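Dear colleague,

I am handing over the structure that we spoke about, and below it you will find a careful account of what was found. Please read the two side by side.

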Amino acid sequence: MNSVVLALIGIAMIVAGYLFYSKFLAKKVYALDPDFKTPAHELEDGIDYVPTNKYVLWGHHFTSVAGAAPIVGPAIAVIWGWLPALLWVTLGTIFFAGMHDLGALWASNRHKGQSIGTLAGRYIGRHGRNLFLVVIFLVLLMVNAAFAVVISNLLVTTPTAVIPAWGAVVVAVLIGQAIYKLKWSLPVVSIVGVVALYALMLLGDAFPIILPDTIMGLSANAFWIVVLFLYAGIASLLPVWMLLQPRDYINGLQLFIALGILYAAIIISGPSMMAPAFNTNVPEGTPSIVPLLFVTIACGAISGFHGIVASGTTAKQLNKETDARFVGYFGAVGEGLLALGTVIAVSAGFQTVAAWEEVYSAFGEGGVGAFVTGGGAIVNQGLGIPESLSGTILATMAVLFAATTMDTGIRLQRFVVSEMGQIAGFRLKPLPATLIVLVITVGLTFSAGADGSGGMLIWPLFGTTNQILAGLTLSIVAVMLIRKRRPVLPALIPLTFVLVMSVIALFVQMGQFYAAGNWLLLVLDVIILIAAIWVIIEAVTAMNRARRAGPLSDLDEERENIAADADKRG
Amino acid sequence: MGRMAGFAAGLREFYYAPYRRTLARAKRDEEDLFMMLVLSESLGVPNPAGYYTLELLPVVFENFHDWHRRMGMDHSPLDSISCC
């Protein structure tokens, strides 16, 4: 089958979802009101609450949620064939992710831009907030540990990406200096930055950096992991203007360019899908497609992480409530398109079925490596860029995604640790909190051996944890919809589906971990399972309570908000 | 606003928006420190640059109330400035 046809069908489905389903959600389910005074206007302070142009807001909502996960997940899930992955990515984006992200944005917007954690406390019960903290800590732990492994693997397998990946840090620091100290104009700095980044890719392609087998007693992979954590720890402690802000910015620009390159190459070259539509010849040890497909592809179909971004920062900057449709739903569409591009790259980028099967020789194989090889071949055919250079471009894109998520992830995890410390009654300064985070994450990464593969081992648990977070957000949305007597099925169906799949997946994986004698993962699995069952019980109770209570008008809601504010102030 | 200027403004917004809060906090912390230096002589801390910082007092007057509240003092610590 021709990949262009598939790409066009996929894009058409997702765009139709935006045009029709999101319109239905905006009008009938969330009843977005252009006259509603959004928190950005009501509480405008020029700092947190700032009404922002919807295209700009979409831009950084999308770049904040797009990490390496929409590449890692689909690139692994193609092992069951490209059709199930493609269907889950498209239908998941339309009916699950768009609904969820728009819902989180709406819920937060209706509550003065409060975060999902705070709303969980209010709608799901007093345990809601603590549960939220535990789940978010685990998600961040998995992201940080797994992304370190993803990056180190890429740096070892694609040595041409080493110079651009680390050079991007230097470019970011220079951009920060140029803007804040030298006061250069931003468009000029942006152009210079992007050109410098691509020049580094050319340089990297000419001078691959291959590390010796062992450095200071560590394997090349383990060495990169240690360096990455050191970098992320330092980056998370530096002032944001110096590194993180310019790095995220240049990475956002690079994201748009690289996505454009990938789709242009697919459309021009139109390679055939080499992978089977349904893979009946899966390697030994591959788990069953149901439920594992639905947790392997989390970002790109539905992701709880988006709810945190939507309610954390995006909701505070919404200019008009009706903009939520574009920012929230279309943000999910952006990530769906990234996942769709990945599915096509890892299915059509190989010359023969045998070459594809060789890469997908076991579950968990393939991954980002397959994306770089397959996508590189497509970019080479479509745009005539030499195969090695196209591989370098895609590998650098994946490394930058993962690295920016990782350094922000370490920073966020530090906040969570400080908050947990506060609940336990002691104050933690940034440095000790960062050290605690690094010790736990590095410990986990090396838990499976000195090669540092432990981070990737826990990746299958990322999907389930992330889906539980999505379930928590969807239950808040469902409770709000029930209280307002609005159609609740659009929230209830995805909610039930993700929670049921997550719980089954956790049971399946528990059996696997027990059989393999992997006690660390077994313990983590049990913790997540308890959290999942807890979410389900609390959500069902909250929904029953909401059903029994009388319908809630906007005026009643306003009164409740005032009472909740007064409560908070004590 | 011309199309190019509009684009530059959008780009600027895209650059600043995600970190607006963090940058504003950092700027405020820096200004708090500066305020303390300016007021150090009045607070009883010998300051060799006191002669120059004295000139800055009228400039920082406006922000004095917010500053002492942020520093954890409900009322003005200085007899000379009785803002509340």
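**Where the chains meet**

Across the interface of chain B and chain A, four residue pairs are in polar contact, both residues being at pLDDT 80 or more; a polar contact here is a pair of N or O atoms within 3.5 Å, where within protein one must be able to donate a hydrogen and the other to accept it, and residues adjacent in sequence count only if both atoms are side-chain atoms. This is a predicted model, in which local features need pLDDT of at least 70 and side-chain atom pairs count only at pLDDT 80 or more, while totals for chains, interfaces and linings use all residues. Residues are numbered from 1 along each chain as its sequence is written, chains are lettered from A and ligands numbered from 1 in the order in which they are written, and side-chain values use heavy atoms, with hydrogens and water left out.

The rule also finds one salt bridge across this interface (a side-chain nitrogen of Lys or Arg within 4 Å of a carboxyl oxygen of Asp or Glu), and the side chains of B:Arg21 and A:Asp48 meet in a salt bridge at 3.0 Å, N to O. On the side of chain B that touches chain A, the elements that give two or more residues are α1 (3–16) and α2 (20–39) of chain B (helices are DSSP runs of H or I with at least four residues, strands are runs of E with at least two, and both are numbered from the N terminus). Of these, α1(B) gives the most, with eight residues.

In total, 16 residues of chain B are in contact with 28 residues of chain A, contact meaning heavy atoms within 4.5 Å. The two chains bury about 2000 Å² between them, 69% of it on carbon and sulfur atoms (buried area is the accessible area, with a 1.4 Å probe, that two parts lose on being put together, summed over both). In chain B, the residues that lose the most area to chain A are B:Phe14, B:Tyr15 and B:Tyr19, together 41% of what that side buries.

**Within chain A**

A search of the whole structure finds seven salt bridges over all chains. In chain A, the side chains of A:Lys112 and A:Glu42 meet in a salt bridge at 3.4 Å, N to O; this pair links distant parts of the chain, 70 residues apart, with A:Lys112 in the loop between α5 (82–109) and α6 (116–123) and A:Glu42 in helix α2.

Two points of the backbone also deserve a look. Most residues other than glycine have a negative phi, and most peptide bonds are trans. A:Ala31, in the loop between α1 (3–29) and α2 (39–42) of chain A, has a positive phi of about 45° although it is not a glycine. A cis peptide bond, with omega about 10°, joins A:Val290 and A:Pro291, and A:Pro291 is found in helix α12 (residues 289–296) of chain A.

The structure holds four cavities of 30 Å³ or more (on a 1 Å grid over the protein atoms alone, a cavity is a set of points where a 1.4 Å probe fits but cannot get out, and lining residues have an atom within 4 Å of a point; grid points are joined across faces, edges and corners, and a volume is the space filled by probe spheres set on the points). About 70 Å³ of space lies in the largest cavity, whose lining includes A:Val65, A:Phe147 and A:Phe462.

With regards

Methods. On a 1 Å grid over the protein atoms alone, a cavity is a set of points where a 1.4 Å probe fits but cannot get out, and a pocket is an open set with protein on both sides within 12 Å along at least five of seven lines; lining residues have an atom within 4 Å of a point.
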